[in-house]
Amino acid sequence: YPLRSPSSTNIHLNARWQQNGITVAGGNRQGNGINQLSYPLGLYGDDDQTIYVADQSNHRIVEWKRGATSGQVVAGGNGQGSGDHQLNNPYDVIIDKERDSLIICDTSNRRVVRWPRRNGTSGETIISNILCVGLTMDDNGSLYVTDDVKNEVRRYRRGESQETVVAGGNGYGNRLDQLSSPSYIFIDRDHSVYVSDYGNHRVMKWVEGAKQGIVVAGGQGKGNGLTQLSSPRGVVVDQLGTVYVADRWNDRIMRWPKGATQGSVIVGGNGSGGQSNQLNWPF
């Protein structure tokens with residue numbers, strides 16, 4: 001199952017991770033070569049372990065097949081710009097399998113675009129006037145998108161012209177009904193929204209239909225203690241409700257069991273760096 005799918009996240013309660021990571025995309029210094037990346041952000045892992053990377057500063061989406069030593073540009077890559085054939089600092093990408101297409105947060109163009117997955121030469125704008133950082137799709141094909149300006153998460157259901165705010169939407173702030181620069185999102189089987197609340201250094205869970213969220217990780221101010229996060233980014237939740245979060249400025253991945261008041265470091269946490277046991281601003 002793809003990374004980010006609720007079906008894929010059956011992780012054993014006592015699972016442990018190798019402390020030395022393996023490079024699966026890039027790793028050949030910063031650059032715009034086909035074997036390089038430049039400030040990669042969101043990624044999507046497919047069934048066959050193909051990885052799609054939002055290669056932000058190269059303004060492209062790159063596909064890396066399992067074991068490959070170089071990638072293939074599947075969207076953008078035509079310079080920074082606002083044309084239909086261009087991207088401008090893309091932050092995230094997912095696959096819409098039903099329509100065999102990529103859906104991309106084309107962040108600096110303030111739009112979400114749909115791009116053919118195979119041999120696509122241009123994209124189609126499906127949402128305009130949105131500072132999108134993260135997006136995902138649920139099992140019904142509804143699209144969820146964060147808006148970093150309005151500090152909210154919106155749901156776009158197939159066949160509906162009007163979107164619905166499903167998290168935040170009450171201005172910038174740190175109340176339980178507010179978000180502060182929401183970034184990445186995960187939707188569970190019950191259609192609860194988990195969102196990394198970047199500016200509040202916490203991960204929030206909004207049950208479907210709720211008027212406010214629940215803090216499920218962090219929320220104790222910015223810091224590097226086990227009760228704290230520092231500008232969290234990517235978030236995934238397993239079948240037990242355990243939250244896995246990229247703790248950006250702490251250069252670590254943390255695991256927060258359901259109901260826990262503190263997390264544990266499962267990867268990184270060894271300072272910022274390029275060694276196999278280190279991370280550097282993980283997304």
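Leaving aside its neighbours within four places in sequence, with which residues is valine 145 in contact?

## Contacts of valine 145

In this predicted model, valine 145 is in contact (heavy atoms within 4.5 Å) with Val112, Ile127, Ile130, Cys132, Gly134, Leu135, Glu152, Val153, Arg154, Tyr156 and Ile185, its neighbours within four places in sequence being left aside.

## Basis of the model

Residues are numbered from 1 along each chain as its sequence is written. The model is predicted, with local features needing pLDDT of at least 70 and side-chain atom pairs counting only at pLDDT 80 or more, while totals for chains, interfaces and linings use all residues; side-chain values use heavy atoms, without hydrogens and water.

Strands are DSSP runs of E, at least two residues long, numbered from the N terminus. In β10 (143-147), five of five residues are buried, that is, under 20% relative accessible area (1.4 Å probe, protein chains only). Leu143, Val145 and Asp147 lie on one side, and Tyr144 and Thr146 on the other.

Strands pair if DSSP finds at least two bridges between them. Threonine 136 has tyrosine 144 as its bridge partner, and threonine 146 has valine 153. The β9–β10 hairpin has five residues between its strands, and glycine 141 there takes a positive phi near 85°. Four residues separate β10 from β11 in their hairpin, where asparagine 151 has a positive phi of about 55°.

How values were computed:
Buried means under 20% relative accessible area, exposed over 50%, partly exposed in between (1.4 Å probe, protein chains only).
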